[in-house]
Amino acid sequence: MYYNIKVTSDYLETNFDNTKDHEKFIKLINKRSKKNFKTTVTTDDKILTLSTCYNTDARFVVHAVLVKDEIVQQS
């Protein structure tokens, strides 16, 4: 997910009181994204957030989900 946003800190949340609040956060960042990557993000996922200045009153934000690379060994 990626987007530009006015200066705020709501996209930096890392601790949630309950699962419902965590799900609301995931919906929020999905809704803001400029592109739908058709990836399902759940409360079990680890989300990496990167943010940088876009201009004096806005930020460019990228959220990425950690994906485990499972290697299948052949017998």
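At a relative accessibility of 75%, Lys38 counts as exposed (exposed means over 50% relative accessible area, buried under 20% and partly exposed in between, with a 1.4 Å probe and protein chains only). What you are looking at is a predicted model, in which local features need pLDDT of at least 70 and side-chain atom pairs count only at pLDDT 80 or more, while totals for chains, interfaces and linings use all residues. Residues are numbered from 1 along each chain as its sequence is written, and side-chain values use heavy atoms, with hydrogens and water left out.

Let us stay with Lys38 for a moment. Its phi is positive, about 55°, although Lys38 is not a glycine. The residue sits in the loop between α1 and β2; helices (H or I, at least four residues) and strands (E, at least two) are DSSP runs numbered from the N terminus. Thr42 belongs to the loop between α1 (19-32) and β2 as well, and with a relative accessible area of 33% Thr42 is partly exposed.

Now for the strands, which pair if DSSP finds at least two bridges between them. Strand β2 (residues 47-55) and strand β3 (residues 58-65) run antiparallel and are joined by eight bridges. Together β2 and β3 make a hairpin, with two residues between them. You can follow this pairing from Asn55, which faces Ala58 in β3, to Ile47, which stands opposite Val65 in β3. β3 also pairs with β1, again antiparallel, through five bridges, and Asn4 has Phe60 of β3 opposite it.

Between β1 (2-6) and α1 runs another loop, and Tyr11 lies in it. Is Tyr11 buried or exposed? Its relative accessible area is 3%, so Tyr11 is buried. The C-alpha atoms of Tyr11 and Val41 are separated by 15 Å, and the two residues are 30 apart along the chain.

The aromatic rings come next. Searching the whole structure turns up three aromatic pairs (centres of Phe, Tyr or Trp rings, the six-membered one for Trp, within 6.5 Å; planes under 30 degrees apart are stacked, over 60 edge-to-face and the rest tilted). Phe16 and Phe25 make a tilted pair, at 5.3 Å centre to centre and 45° between the planes. Elsewhere, ring pairs connect Tyr2, Phe37 and Phe60 into a cluster. Phe37 has a further neighbour: Lys35 lies over the face of its ring, 5.6 Å from the centre (NZ of Lys or CZ of Arg must be within 6 Å of the ring centre and within 35 degrees of the ring normal).

Lys35, Phe37 and Lys38 return in the lining of the largest pocket, along with others including Met1, Asn30, Val41 and His63. This pocket holds about 180 Å³ of space, the volume filled by probe spheres set on grid points joined across faces, edges and corners. A pocket here is an open set of points on a 1 Å grid over the protein atoms alone, where a 1.4 Å probe fits, with protein on both sides within 12 Å along at least five of seven lines; lining residues have an atom within 4 Å of a point. β3 gives the largest share of the lining, three residues.
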